[in-house]
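Here is a short briefing on one protein chain. Keep the sequence and the model open while you read.

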Amino acid sequence: MRERHNRLSVVKELIKNNRIDNQDTLLNMLRKEGFSVTQATLSRDLKMLKVSKISDGWSGYYYSLPDDDFVSENEKSYMQDVRRGIISIEFSGNIGVVKTRPGHANSVCFALDVLGLPEILGSIAGDDTIFIILREGMTKDDLLESFQLRIPDVKED
């Protein structure tokens, strides 16, 4: 979990300080920094960081980070739904059981879908329980780190 956090920080710094136009270049730069990651992992990292490609106006596209302070009002609302609704999270393998306040499971589940956490393959909501399936290769620690980055105050029991 700590390595992922460090890697995300390095990815952000590399994008801020360099004109990077493709994942291969970024992968090579990460390797020089001591990180060994696959293209699939890097893609998830870029999605998590909300990296986009923007045109330079004449010769192509390059990676860009969103403004640090930019979080849409809708996204803030969804984060609040998650914070307000979750009581506990427990895992068994790649399946998570999320307990919510009564009647909150659907709104929390919908918010998680909209927030697009790359670790979550899918989810099913009841009245006060959500089942989360993690993507292949993802762990509960990866998901909890995403929560820490995007939705602080959500922790595993």
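**Surface and overall build**

The chain exposes about 8900 Å². Carbon and sulfur atoms supply 48% of that area. This is a predicted model, and every value below is computed from it.

Fold and packing

- The chain holds six helices and six strands.
- Along the sequence, these elements follow the pattern α-α-α-β-β-α-β-β-α-β-β-α.
- The chain has 157 residues, and 40% of them are buried.
- Take the contacts between residues at least 6 apart in sequence: 54% of these join residues at least 24 apart.

The aromatic pair

- How many aromatic pairs does the structure hold? There is one.
- Tyrosine 78 and phenylalanine 110 form this pair, and its geometry is edge-to-face.
- The ring centres lie 5.8 Å apart, with 70° between the planes.
- The label follows because planes over 60 degrees apart count as edge-to-face.
- The pair links distant parts of the chain, with its two residues 32 residues apart.
- Tyrosine 78 belongs to helix α4 (residues 73–85), while phenylalanine 110 belongs to helix α5 (residues 105–115).

A charge over a ring

- Which ring does the charged end of lysine 53 sit over? The ring is that of tyrosine 63.
- The charged end of lysine 53 is 5.2 Å from the centre of that ring.

Key: Residues are numbered from 1 along each chain as its sequence is written. This is a predicted model: local features need pLDDT of at least 70, side-chain atom pairs count only at pLDDT 80 or more; totals for chains, interfaces and linings use all residues. Side-chain values use heavy atoms; hydrogens and water are left out. Helices (H or I, at least four residues) and strands (E, at least two) are DSSP runs, numbered from the N terminus. Buried means under 20% relative accessible area, exposed over 50%, partly exposed in between (1.4 Å probe, protein chains only). Contact means heavy atoms within 4.5 Å. Accessible areas come from the Shrake-Rupley method with a 1.4 Å probe; for residues, only the protein chains shown count as cover. Rings of Phe, Tyr and Trp (its six-membered ring) pair if their centres lie within 6.5 Å; planes under 30 degrees apart count as stacked, over 60 as edge-to-face and the rest as tilted. A charge sits over a ring if NZ of Lys or CZ of Arg is within 6 Å of the ring centre and within 35 degrees of the ring normal.
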